[in-house]
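Please examine the sequence and the three-dimensional structure shown here before reading the explanation.

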Amino acid sequence: MKKIEAVIQPFKLDEVKAALIAIGVSGMTIAEVRGHGRQKGHTEVYRGTEYAVDLIPKVKLELFVPDARLEEIVLAISSAAHTGKIGDGKIFVFPVDDAVRIRNGERGDIAL
Amino acid sequence: MNTEKQAERAHRRLHRQSLFKNCAWLAAGILLLLWMPCLAQQAPKPDPAGIATGDRTTAVDGAGNAFVVSEPTDKTAPGYEKSKKDFDEYQAQAAKEPLATKLADSVGHIRLATNFAWTLNTGYLVLFMQAGFALLTCGLVRKKNAGHLMMLNFAAYVFAFLAYYAVGFAFQFGAVAINAAPTNLGGIPTLNSFLLGSGSWGFLGGKGFFLTGPGYDSGVNVLMLFQVVFMETAGYIIVGAICERITFWAFLVAELFMGALLYPIFGCWVWGGGWLSQIGSTMNLGHGYVDFAGSTVVHAIGGFAAMALALILGPRLGKYGPDGKPRAFPAHNLVFVVTGTFILLFGWMGFNPGSTLGATDLRISVVAVNTNLAAVAGSATAMLLWYRLFGKPDITMACNGMLAGLVAITAPCAFVSATSSIVIGVLAGMVVCAGVLFNDRVTKIDDPCGAISVHGFCGWLGAVSVGIFADGTYGAGWNGVGAASYLGQAGKGVTGLLYGDSRQFLGQLFGATLCVVWAFGMTFVVFKIVNAIKPIRVSEEVEREGLDVPQFGLPAYPEDAVHASAMHATQ
């Protein structure tokens, strides 16, 4: 079992979601987040005073998937979120020990 | 014996006669004493029901010529012959056509009714500006202080209103009938004595406290409604500069001070027939100090009081970095900012045209168009200037630019042409941009909403603009100057430097600058003392957290998920 955390451009969310649903991914959690990578944002001017916009809005997706489907899902996300420009985001993969479905106590892959 | 009796009788008669004489004197004395208050009450009676207000004496034509021709009394006066002839003619016609004079009673009443309706309704528009300002200032601050801003705007209305009702209105207009009787509203004859000063040198009005006695009158109440919402405008202007750090109690003190003293006293000098309005006749300065709808009386008073308070409070935490450079605290809701600005523009259609105090003064159309022209010119200037200076037009500065144009046209709106209105708007747009940068970078007086630049600097500019751009087409006989002719021309009104009256310009410069000194000086002294007794600024912890919860117990946006769950957790 693996956890996928993907930080993507907010405007790519719909395409990524569609791509995941198309390959039969059943669930995900998303959050609006702010952050920066290598690019470090940019500056704006408010009423004549410059301020840094170094924490740029992004969307973070969290998915928990069986090991067997990992590559396919990562590929789907990265190709749907891709523009080729700076700021496309990143995908992280973590090992997961277990999962519990709270409703009926099911454990492991079946609980995903 | 007989002679003795006769003598006694004679003595008694004499005694009786002298007693009678004494009694007669006493009775006369008592009568005189009783009559004396009647002498005082020769002053017009208040008319709470409004049924005696408006008759043939208030029936006038477009130029203000009365229907009723009064009898000339001074036989030595120049033109006595003609006045006498006019009077005789009127008497003859009135005798011939009694129905016409009866009809004139209705005409005079309807004229006042029209003006009452106009003045009240424009007053309601000005009242609505309160909502616009609440939205504008709330949108311009950080989210954590949104509730605080709403409460300040709300409490300003409530407390300043009460202060103005109790004493402020009487201080400002208690002597309005003497030099500045609003004839469009029937002249408000019951407000006719100064508390301080007299004649052309009045300093403080003295009738109409708590709207009782001479204040319990239908005409007085029209004026009260219209003027109290003007005072409220000065009251909420200060919010824009002192927000995000002032304690609630200190703000209430500021509002009571504004409604009872600071605003009404200067207002008396300019609008209540006080000394500043009379410097035309007393010092030969044009038509006296002229501020049509309050660039200074309302806006500069608010703006410079705000400046003094902001100076005492100091900048918000973190506004200036350790290097002394200003930092930006971006607006949290631009939708509020723009909506609020448009509500203010809409309300200004009451503020300026309403200041004629009557729809029978047909200059209202010119006033309304001039007001809009300056607003759009000011906004266009600020937008384009910012576009050029910083590469992007700032929405909040575009809004400030519109308000700057409005503030600057408020004093001259009735006296200038459309072209001049555009010029005044452009000037105001430049002043507000320069003012915001100047306060941010040079004086370092922290003004979150730009209130000092918009209302203070542009208010001063507006009053001075009267002395430059007034073209003489309106305001003949203003403040009792040049009723027959002015600058050698009959019907010539308030005239500025560009149209040949340099004395008016000097008067405007003097009055506007005095307003700045009065508002800033008084507020600074009073609140330095208040601050020394008890600090008027919130603690550092409160300021960092935002004032909403520490001061008012609830965030403005409790539906935020984290806030909501945190609130449940404590139950």
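The paragraphs below proceed from conventions to chain B, then to one residue, and then to the interface.

This is a predicted model, in which local features need pLDDT of at least 70 and side-chain atom pairs count only at pLDDT 80 or more, while totals for chains, interfaces and linings use all residues. Residues are numbered from 1 along each chain as its sequence is written, and chains are lettered from A and ligands numbered from 1 in the order in which they are written.

Chain B contains 19 helices and four strands; helices (H or I, at least four residues) and strands (E, at least two) are DSSP runs, numbered from the N terminus. Its C-alpha trace spans about 115 × 65 × 40 Å along the principal axes. Of its 571 residues, 50% count as buried, that is, have 20 or more other C-beta atoms within 10 Å of their own, with C-beta atoms placed from the backbone.

Helix α2 of chain B (residues 80-96) has 17 residues, and the count of buried residues among them is zero.

Helix α13 of chain B (residues 395-410) includes V407(B). V407(B) counts as buried because it has 35 C-beta neighbours inside 10 Å. Leaving aside neighbours within four places in sequence, V407(B) is in contact (C-beta atoms, placed from the backbone, within 7 Å) with residues including S295(B), H299(B), A428(B) and V454(B).

Between the chains, six residues of chain A are in contact with 12 residues of chain B. On the side of chain A that touches chain B, β3 (42-46) and β4 (49-53) each supply at least two residues.

Key: Contact = placed C-beta atoms within 7 Å. Expected span 1.5 Å × (residues − 1). Buried ≥ 20, exposed ≤ 12 C-beta atoms within 10 Å, placed from the backbone.
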